[in-house]
Amino acid sequence: MNNLTRILGITYPIIQGGMGNVSNAPLAAAVSNAGGLGMIGAGTMEPEQVEDMIVDTKKRTSLPFGVNIALSVNDHAAELLELVGKHQIKIVSLSAGNPAPHIPMLKGHHCTVMTVAGTVAQAVKAEKAGADIVIGEGYEAAGINSPVETTTMALIPQMCRAISIPVAAAGGIGDGRGLAAALALGAFGVQMGTRFIATKESGVHANYISAIISSRDDGTLISGRTVGKVRRVLPTPYIKNVLQTEEKGMTVNEYLDATSEFHHISGAMEGRLEEGFLNGGQISGLIEDIPSVEDLIKTMVAEAKIFLSSAQKKLPI
Ligand SMILES: Cc1cc2nc3c(=O)[nH]c(=O)nc-3n(C[C@H](O)[C@H](O)[C@H](O)COP(=O)(O)O)c2cc1C
C-alpha cells in the first residue's frame with residue numbers, strides 16, 4: 001500500500017490510461033479486477049455512449065474504476081462532467097485542457113481527481129486547484145503529448161520534488177523494470193497505455209496489436225509538431241502521408257481534420273491502415289506478447305519487487 005493505492009482504493013499502483021474511444025468496459029473492468037485502476041476513455045464519444053460504457057463497466061466490476069475526459073478534445077465535456085454526479089463516478093482523470101475550473105464541482109461529488117500534466121508548472125497548478133493525484137506524462141507516451149517534449153525520466157523527479165500529492169508516471173512504461181524505475185524516481189505508481197493495447201482484453205483491431213508487436217525502439221513517429229500539436233504514432237501508410245503533407249505546410253485545422261476521430265477509429269478499431277492512424281508509445285519496441293491483463297499486472301508487480309529489492313542490496317547506503 002502507498003498513498004496512490006490508498007487514495008484510489010486499488011491493490012497495485014498500476015493505472016490503465018484513459019484511451020479515447022479505445023479503452024472500453026471489458027478492458028477497464030479487467031484492469032480493475034486485476035487490482036489496478038481501469039479507466040474508460042471518453043475520447044470524442046457522445047455522452048450517451050460514455051454512459052452505456054459506465055453502466056457496462058459497473059456490471060463487470062465492483063472495484064474502483066475511473067473515467068478520463070480529455071477536456072479540449074470532446075465537444076460535450078460539460079455534459080460528460082455531469083455524468084459524474086448522475087452515475088456516482090468516484091474517480092475522474094482530466095487531460096488536454098485546464099482542469100482547475102472543474103475540480104470544485106468534482107470534489108462536491110466526493111470524486112477523486114487525477115490530472116494529466118506534461119510540465120512541472122501544470123502539476124503545481126493542478127495541486128493548487130485541489131487535484132488529488134497528478135499523472136506526469138513524458139514525451140515517450142502514445143497519443144497527444146505536451147509540445148514541451150520533456151521525457152518521463154526527466155519529468156518525474158522534478159514533478160515529485162515540486163508537489164506533495166502523489167504522482168503516477170506515464171510514458172514509456174511496459175514492464176516491472178519500468179514500474180520499479182518510476183517508483184525509484186519518486187512516483188507512487190504508473191499509468192500505461194500502449195502496453196494495455198496489446199492484451200487479450202483489449203478491443204482494438206488485430207492490425208494495431210501486430211503493429212505494436214513488430215515495432216522496434218525507433219518505430220514511432222511524431223506528427224503535428226509543425227502546428228504545435230504533438231502526437232506519437234506508429235508508422236501507418238496513412239500517417240506517413242499526413243507527415244509528408246505536414247512538411248509542405250499544413251494549418252492547425254487541416255492537421256486536426258487529418259487526425260480526426262474518423263481516422264483514429266479507422267486505424268485502431270477497423271485496422272484500415274491506409275486511412276487511419278495508430279497512437280503508439282516508444283515502449284512498443286519492448287512489447288512482444290499478448291498476455292491477459294491479470295497476467296501482465298501480476299508479472300509486472302513480481303518483477304518490480306525483484307528489481308527494487310536487488311537495487312536496495314546494491315546501494316551503498
Ligand atoms: C489509443 C490511445 C488513446 C489515448 N487517448 C487518450 C485520451 O483520450 N486521454 C488521455 O488523457 N490520454 C490518452 N492516451 C494516453 C494514455 O492514457 C497514456 O497516458 C499513455 O499511453 C501512456 O504512455 P505509454 O503509451 O507509453 O504507456 C491515449 C493513448 C493511446 C495508446
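Strand 4 and strand 5 (residues 112-117) run parallel and are joined by 4 bridges, where strands are DSSP runs of E with at least two residues and helices are runs of H or I with at least four, numbered from the N terminus; two strands pair if DSSP finds at least two bridges between them. Within this pairing, V92 has V113 of strand 5 as its bridge partner. From strand 4 the chain passes through helix 5 (residues 103-108) to strand 5 in a right-handed β-α-β crossover, that is, the path from the first strand over the helix to the second runs clockwise with the strands pointing away from the viewer.

The model is a predicted one, in which local features need pLDDT of at least 70, side-chain atom pairs count only at pLDDT 80 or more, and totals for chains, interfaces and linings use all residues. Residues are numbered from 1 along each chain as its sequence is written.

On its other pairing, strand 4 runs parallel to strand 3, with 5 bridges between them, and A70 stands opposite S95. Strand 3, helix 4 (residues 77-86) and strand 4 form a right-handed β-α-β unit. Strand 4 (residues 91-95) is mostly covered, with 5 of its 5 residues buried (20 or more other C-beta atoms within 10 Å of a residue's own, C-beta atoms being placed from the backbone). I91, S93 and S95 lie on one face, and V92 and L94 on the other.

Key:
Buried ≥ 20, exposed ≤ 12 C-beta atoms within 10 Å, placed from the backbone.
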